[in-house]
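Welcome, and please open your viewer before reading on. We will go from stop to stop, selecting one thing at a time.

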Amino acid sequence: MDSPSATPRFGPEVFLRVLLVMALLVGFLVAIQCMGGSIKLMGKETSESLFRGVSNPFAGLAVGILATVLVQSSSTTTSMIVALVGSGEISVESAVPMIMGANIGTTITNTLVSVGHVRQSAAFRRAFAAATVHDFFNLICVAVFLPLELLTGFLSKPALYLTEVLAGAPGAEYKSPIKGAVKSAYKSILHGLENLGLEGTPLALCMLTLGIGMTFFCLIFITKNMRTLIVGPLEQAMNNSLRRSGMIGIVVGAAVTVAVQSSSITTSLLVPLCAAGILSLENAFPIMLGANIGTTVTALLASTAVDSSAGLTIALVHALFNVAGTVCIYPFRAVRRVPLALARNLAIAASRNPVYVLFYVLGAFVGVPLVGIWITNLFQ
Amino acid sequence: MMRWLQSLGPESRSLNEIHSQFLEMMVDGRHVFDAAANALLGGTAPEVIRDDLFATDRRINRTEQAIRREIVVHGSIYGAATFPALLVMMSLVKDAERIGDYAKNLYGLAAARPPLGGDAERKAMIDLKDRVSKLIVRAHGLFESQNDSDARAFLEEVHQIEGECDAQVDLGLHARKDNASARVLAHRYFKRVTSHTGNIVSSLVVPLDKLDYFDEPRPKGS
């Protein structure tokens, strides 16, 4: 993890960093346009064959998990999903499980951070419990909400309604205020590549690579710069959260994650604090839930750059999913205890025999998605 | 070393907070030392100062724990580059906390109302107590001013007082006429308070690995 220097005082450095973050945000939106545009450039036949598999919810979930595990950033995955939905290549219904999968996949970062404490049994037990409580929360949410969503559309229906309120009729071209600028930047890139003699599938692939690369680059540097800008308040917030639980933790987690545009940064900070024993699992849990909510802002931002309002719908589904999970699980002590107890018990087993860590990581983040894809293929 | 700690960022509110909390620990340390030493040598009834002394010591302990928590948070956020400076601070708060512990030991001695020898011995101990108390005040000032050359002069005086305490302990151990056990213990405690105060100031002039070992003889040519 990068070490930010001390909080800079307001001056030229802060001013330049703020400008840089704004430029990176525009770059990020252009990257989303590039990804969406590249799929269109591939042609209907190619893109349909690419995304046929994800129409199965389990396969979609598996793709979401695997993609996030591979890129180690749910922001990148959800932004890509928004781009795909916004370009009309996959439907909101198909994208919902992928978004849920991204939520599960992102928690692997904490788990890997916690493994750093494996030599000290007690510290590792606390660290691993802190890392996996986030996993269990997301797994429980998916286990409950995915079937419910498939049966009733309890997330996508309100998301559609909100989209109508915010952007007009479903499927309508969504006119966001900054889209004009983003679109013209995208067109310049497209013309530039065409002038190089690229066309058809090579042009689409080039655009897709550029889009993914730019998304990575922009998100990494937004996170890096924002972390430097807010490191003082971040430290203050963490110090204030150590002895508090509940709403304050949720607000701190959400605010920090919105600011740094990475839930992994927020949740990974908690792991060493829990390992040292200065932050209890009960007090870390609401901060993680806040981070889960805060991270949905990235997809909402990405939705401002896509052509169709469906992009906004899927971003809203992501936000509603994480808010619903928090509202349904956190306020009720008996329910809240379930992910905490599961994480504690797994941590106890893992501290006795670290092989459990390997089984758990491979099983939850690789095995389950692969088995899901295999079963899906079997029935297709 | 402490300059380095400060150079990490005067803008860091938490580091400044840690710094001022540490200075509060030193003020409390001097307060409990004075109270306990006066109970032993100055005629203050131990039971009069008991509650205040123990409450202040608990405050010192709580401050140490708060600083430790803030150190872990700071290290987690700022990363590896800050660890050496935070390790120094972790060591210093332990020294400041130990001053409180030795003050409690002095109080325990005072509560037993032991014989401390004649007027001459008592007067010498009062002088020594005053010098140690002033050392703690000077250490507080040096920690704020970060003055290297004053720190070196300070450490010379620390060596001197430690030597005097050792000599008194030796004398007491071999005393044949009177019971010198209380004097031996008191000088031992004075020496420990002096050493912990010296450790705090040594952080201004010695590297991290030499903290607590500033008084060891150095090899020739170094």
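Start by selecting chain B: its radius of gyration is 18 Å, which agrees with the value near 17 Å that a compact globule of 222 residues would have. That radius is taken over C-alpha atoms, and the globule rule is 2.2 Å times the number of residues to the power 0.38. You are looking at a predicted model, in which local features need pLDDT of at least 70, side-chain atom pairs count only at pLDDT 80 or more, and totals for chains, interfaces and linings use all residues. Residues are numbered from 1 along each chain as its sequence is written, while chains are lettered from A and ligands numbered from 1 in the order in which they are written.

**Chain B**

Colour chain B by secondary structure and you will find seven helices and zero strands. Helices (H or I, at least four residues) and strands (E, at least two) are DSSP runs, numbered from the N terminus. Of the 222 residues in chain B, 42% are buried. Here a residue is buried if 20 or more other C-beta atoms lie within 10 Å of its own, exposed if 12 or fewer, and partly exposed in between, with C-beta atoms placed from the backbone.

Next, select B:Ala36. Together with B:Leu106, B:Ala36 has the most contacts inside the largest nonpolar core, which has 167 residues. Such a core is a set of buried Ala, Val, Leu, Ile, Met, Phe, Trp, Tyr and Cys residues joined through C-beta atoms within 7 Å. Which residues does B:Ala36 contact, leaving aside neighbours within four places in sequence? Show B:Leu53, B:Ala103, B:Leu106, B:Tyr107 and B:Ala110. A contact means that the C-beta atoms of two residues, placed from the backbone, lie within 7 Å.

Now move to B:Arg113, in the loop between α4 (83-111) and α5 (119-145) of chain B. Its phi is near 45°, a positive value in a residue other than glycine. Is B:Arg113 buried or exposed? With 12 other C-beta atoms within 10 Å, B:Arg113 is exposed.

**Chain A**

Switch to chain A, where you will see 17 helices and zero strands. Its radius of gyration is 21 Å, close to the 21 Å from the globule rule for 380 residues, so chain A is as compact as a globular protein of that length. The C-alpha trace spans about 60 × 60 × 40 Å along its principal axes, and 52% of the 380 residues of chain A count as buried.

Select A:Ile108, found in helix α6 (residues 108-115) of chain A. A:Ile108 counts as buried, with 22 C-beta neighbours inside 10 Å. Not counting residues up to four places away in sequence, A:Ile108 touches A:Val69, A:Val361 and A:Phe365.

Go on to A:Gln261, in the loop between α11 (247-260) and α12 (263-275) of chain A. This residue is not a glycine, yet its phi is positive, about 55°. A:Gln261 is buried, with 26 other C-beta atoms within 10 Å.

Our last stop is α12(A), which is mostly covered: 13 of its 13 residues are buried. After α12(A) comes A:Gly277, with a positive phi near 85°.
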